[in-house]
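Subject: Structure handover

Hello,

Here is the structure I promised you. Please open it first, then read my notes below.

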Amino acid sequence: MNNQTVQETAKKDTAVKKYLNFINGEWVDSESGKYTQNTNPVNGEVLGEVVASTKADVEKAVQAAKEAQKKWRNVPAPERADFLYKVAYLLKERKEELAQVLTKEMGKVIAEARGEVQEAIDMAFYMAGEGRRMFGDTVPSELRNKFAMSVRVPVGIAGLITPWNFPIAIASWKSLPALVTGNAVVWKPASETPFLAGEFVKIYEEAGLPKGLVNLVYGSGSEVGNAIVEHPDVDIVSFTGSNEVGKKINGRAGELLKRTSLEMGGKNAVTVLEDADIDLAVDGIVWSAFGTSGQRCTACSRIIVHESVKEELEQKLMKRMEMLKLGDGLDESIDVGPVINRSSLEKIHEYVKIGKDEGAKLLKGGEIVTENGLDKGNFYAPTLFTNVKSDMRIAQEEIFGPVASIIPVKSLEEAIEVNNSVEFGLSSSIFTADVNRAFQAMRDLDTGIVYINAGTTGAEIHLPFGGTKGTGNGHRDSGVASLDVYTEWKSVYIDYSGKIQRAQIDNY
Ligand code: SIN
């Protein structure tokens, strides 16, 4: 690099980054003229600004989506899929760059950030393949000289409201199936992770996706989110986030007879039976409870253990937790990054106080970490409680931080009862060497995802993602199941008998 280039690069790096909305193929400001700041949870550094949009911006995005979708729905699905292949290759090419953006604005460690971008890449290839499948049924008609089949047709406009904990993976689980099935998208990303959303949309733009098909509108849930839910031309709202917001969306969308796909809270548990490989269980628990600082929807926050191996598990867990290094996730040696923001940090600490007051025994952690230069960030020590009772608040409510609670039990049956005693049903896991008990658990654990001899995290994109009870409303992200969210079924009958045949009357 010559001197002038070095100076130009430095100038570019110090300039305030500003992310605008993407509406009808153009990067545009909001008429609000207002901006919010994007900060790094590691140290509070301001990374840049992002427009604070209004209902009027959503209106423009929906109108653009409506126009674009009229043509897109008639583009053959394999041709739609060609754009998705381009998206996949661009994501692959930019994997490292995107992972860095993700770590800086969200805080997860770089290895996990790379893993998350890989999920989006996999999802793009997988959904591109759907362009040549998108199977319906052909079935025999009950009448002679008549043909019957079912085909998928797009719903229309998909409003996507996505979270900050998996800002590109979850956006890919929603936007790619929506597009390949012929819908247009209006997307409100989480306010905490706006840059990665902008970078993802740049990839859609560079892939040559026709204008108006993907529209990005930054802003708050109360302004932009609500406007998406309320808009009469938005046909389906796909949301991942808190239970509280999900219920409100579902209530309002229900009144408007609008489809919703909701993925909300979790209170996931790892069960460790007396015949389990304890070292393996320790690895699984540490990874799923403290990875991503406990901020995965599928994070393990309860450890249900047979009382005969409780002591051994506790000792081994504490030893492993000693080894966890907190810090800036851009440093490859770091295991646990910060939590997303100050209010989240305070909420986690509040739950730790609640746990102590409820009589649970704090084995490790339980504090905000400020040493070793971490005082400007949102760092919470990986925390372990034991002697927790299933009805305590720390065993029932979602904490969304690096806090896990050990609940001792006497049998597999009791473990399953405890596992199922919460209002959520996203993910569960069991460590056992007994195949019979593994199958019993697979059958009886009331969650959308079950792992045998692995932790509660690590969903793969070609399987349905979602949960039972308070976790969702019966829909699934990712996998072929996600096509159901963005399509209607159309049943088609073709009569080549040359006469009007009356089904149920003329067939016998
Ligand atoms: C999530 O929890 O949202 C991510 C998926 C996983 O790691 O299981």
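Start at serine 172. Leaving aside neighbours within four places in sequence, serine 172 is in contact with Glu119, Ala120, Met123, Pro177 and Phe200. Contact means heavy atoms within 4.5 Å. Serine 172 sits in helix α6. Its relative accessible area is 0%, so serine 172 is buried. Buried means under 20% relative accessible area, exposed means over 50%, and partly exposed lies in between (1.4 Å probe, protein chains only).

Two notes before you go on. This is a predicted model: local features need pLDDT of at least 70, side-chain atom pairs count only at pLDDT 80 or more, and totals for chains, interfaces and linings use all residues. Residues are numbered from 1 along each chain as its sequence is written, and side-chain values use heavy atoms, with hydrogens and water left out.

**Helix α6**

Alanine 178 also lies in α6, which spans residues 169–180. Helices (H or I, at least four residues) and strands (E, at least two) are DSSP runs, numbered from the N terminus. Alanine 178 has 0% relative accessibility, so this residue counts as buried too. Apart from neighbours within four places in sequence, alanine 178 touches Ala158, Asn183, Val185 and Tyr486. Glycine 156 is 22 residues away from alanine 178 along the chain, and their C-alpha atoms are separated by 9.0 Å.

**The sheet**

Now look at the open sheet of seven strands. Its order is β15-β16-β17-β14-β13-β19-β20, with mixed pairing. Two strands pair if DSSP finds at least two bridges between them. Which strands stand at the edges? They are β15 (361–364) and β20 (449–452); each has a single partner strand, so one side of each is left without a neighbour in the sheet. On average, neighbouring strands are turned by 20° against each other, direction ignored. Axes here are lines fitted to C-alpha atoms, for helices over the stretch in contact, and angles run from 0 to 180 degrees between N-to-C directions.

Is strand β13 (residues 268–272) enclosed or open? Five of its five residues are buried, so β13 is largely enclosed by the rest of the structure. Asn268, Val270 and Val272 cover one side, and Ala269 and Thr271 are on the other; all are buried.

β13 runs parallel to strand β14 (residues 300–306), and five bridges join them. Threonine 271 stands opposite isoleucine 304 in β14. From β13 the chain passes through helix α10 (residues 278–290) to β14, in a right-handed β-α-β crossover. Right-handed means that, with the strands pointing away from the viewer, the path from the first strand over the helix to the second runs clockwise. α10 lies across β13, β14, β16, β17 and β19, at about 170° to β13.

β13 also pairs with strand β19 (residues 427–431), again in the parallel sense, over four bridges. There, valine 272 has phenylalanine 431 as its bridge partner.

**The two domains**

The domain assignment gives domain 1 (15–264 + 472–490) and domain 2 (268–452). Such bounds come from an automatic or database domain assignment. The domain centres, taken over C-alpha atoms, are 31 Å apart. The contact takes 22 residues from domain 1 and 27 residues from domain 2. About 2000 Å² is buried between them, and carbon and sulfur atoms give 62% of that. Buried area is the accessible area (1.4 Å probe) that two parts lose on being put together, summed over both. In domain 1, Val42, Glu112 and Trp164 lose the most area to domain 2, together 27% of what that side buries.

Best wishes
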